[in-house]
Amino acid sequence: MHDYTVVLGVGAALFHGAAYVLYNIQTHFGKSKPNPASWAIWTLLSILNAWSFKEVSADNLSTLQFFTGSVACMITFFYTWYRGKLKSLKPSEWRILALALSVILVWRIFNSATGANMLVVLTFIISFIPTLKGVLADPFKESPRSWWLWTMAFALTIGSILLRWRGEPLALVMPIVLLIAHGSIAVLSSQKRKDKFST
């Protein structure tokens, strides 16, 4: 069983990293149009999530994906910024960023990694709404391939947590929420939906 958890943990990290590489390629060719609010906030959240999730799960293999994601997310953010794909944040988007920063206060003042991680989950859900609305209105804003890779990465992380189960149900919250969120974008930007959208 230990061998399976290693394969799942490393596999999740590889899928996660590959998804970012693919997303950057899609952005370069205009197949993905990154939402500035989402990516500015996700960069901060990915770092906070990696560190808080590590304490929540106490499982380095399950955390490997999130540390890979935090580095890759920073690279993607700065790449899209350099390419001029990102725009200034709106007032409502600054409020979401402020909520993301409050995670640090919760973590340090109350010394609760679990509370911080759950606040990261909430902030991610809120910050994901602009991207979700964008692709719901126009499926051509995204290409599903990278989003499917992210979805598979979260599925592998969930599998790794379950195989190494330590009675920590909150460790499942983040990967389940992220699986649903990324899977939704993959479905909404599918070629089948684009074909229907064009007719």
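Trainee: Let me start with one residue. In which helix is the place of Ser 70?
Mentor: Ser 70 sits in helix α3. Keep in mind that this is a predicted model.

Trainee: Why does Ser 70 count as buried?
Mentor: The cut-off for buried is under 20% relative accessible area. Ser 70 has 6% relative accessibility, so it counts as buried. Not counting residues up to four places away in sequence, it touches Ser 46, Ile 47 and Ala 50.

Trainee: What makes Gln 26 buried or exposed?
Mentor: Its relative accessible area is 5%, and buried means under 20%, so Gln 26 is buried. This residue belongs to helix α1. Leaving aside neighbours within four places in sequence, Gln 26 is in contact with Lys 31, Ser 32, Ser 143, Arg 145 and Ser 146.

Trainee: How do you know which class Leu 97 falls in?
Mentor: Apply the rule again: Leu 97 has 16% relative accessibility, which is under 20%, and therefore counts as buried. You will find Leu 97 in helix α4, residues 91-110. Setting aside neighbours within four places in sequence, its contacts are Ile 41, Leu 44 and Leu 89. Leu 97 and Ser 38 are 59 residues apart in sequence, yet their C-alpha atoms are 9.3 Å apart in space.

Trainee: Which residues is Trp 42 in contact with, leaving aside its neighbours within four places in sequence?
Mentor: They are Cys 73, Phe 124, Ser 127, Phe 128, Thr 131 and Trp 147. Contact here requires heavy atoms within 4.5 Å.

Trainee: Now the whole chain. How many helices and strands are there?
Mentor: Eight helices and zero strands. In sequence order, the pattern is α-α-α-α-α-α-α-α.

Trainee: Why does the radius of gyration agree with a compact globule?
Mentor: For 199 residues, a compact globule would have a radius near 16 Å; the chain has 17 Å, so the two agree. Along its principal axes, the C-alpha trace spans about 50 × 40 × 25 Å.

Trainee: What share of the residues counts as buried?
Mentor: Of the 199 residues, 49% count as buried. The accessible surface is about 9,900 Å², with 70% belonging to carbon and sulfur atoms.

Trainee: What share of contacts joins residues at least 24 apart?
Mentor: Among contacts between residues at least 6 apart in sequence, 80% do.

Trainee: Lastly, how many positive and negative side chains are there?
Mentor: The chain has 18 positive and 8 negative ones, and the centres of the two sets lie 10 Å apart.

Methods: Residues numbered from 1 in each chain as written. Heavy atoms only, no water. Helix = DSSP H or I, 4+ residues; strand = E, 2+ residues; numbered from the N terminus. Rg over C-alpha atoms; globule rule 2.2 N^0.38 Å. Buried < 20%, exposed > 50% of the residue type's maximum accessible area, 1.4 Å probe, protein only. Areas by Shrake-Rupley, 256 points an atom, 1.4 Å probe, with all protein chains shown as cover. Lys, Arg positive; Asp, Glu negative; His and termini not counted. Charge placed at Lys NZ, Arg CZ, Asp CG, Glu CD.
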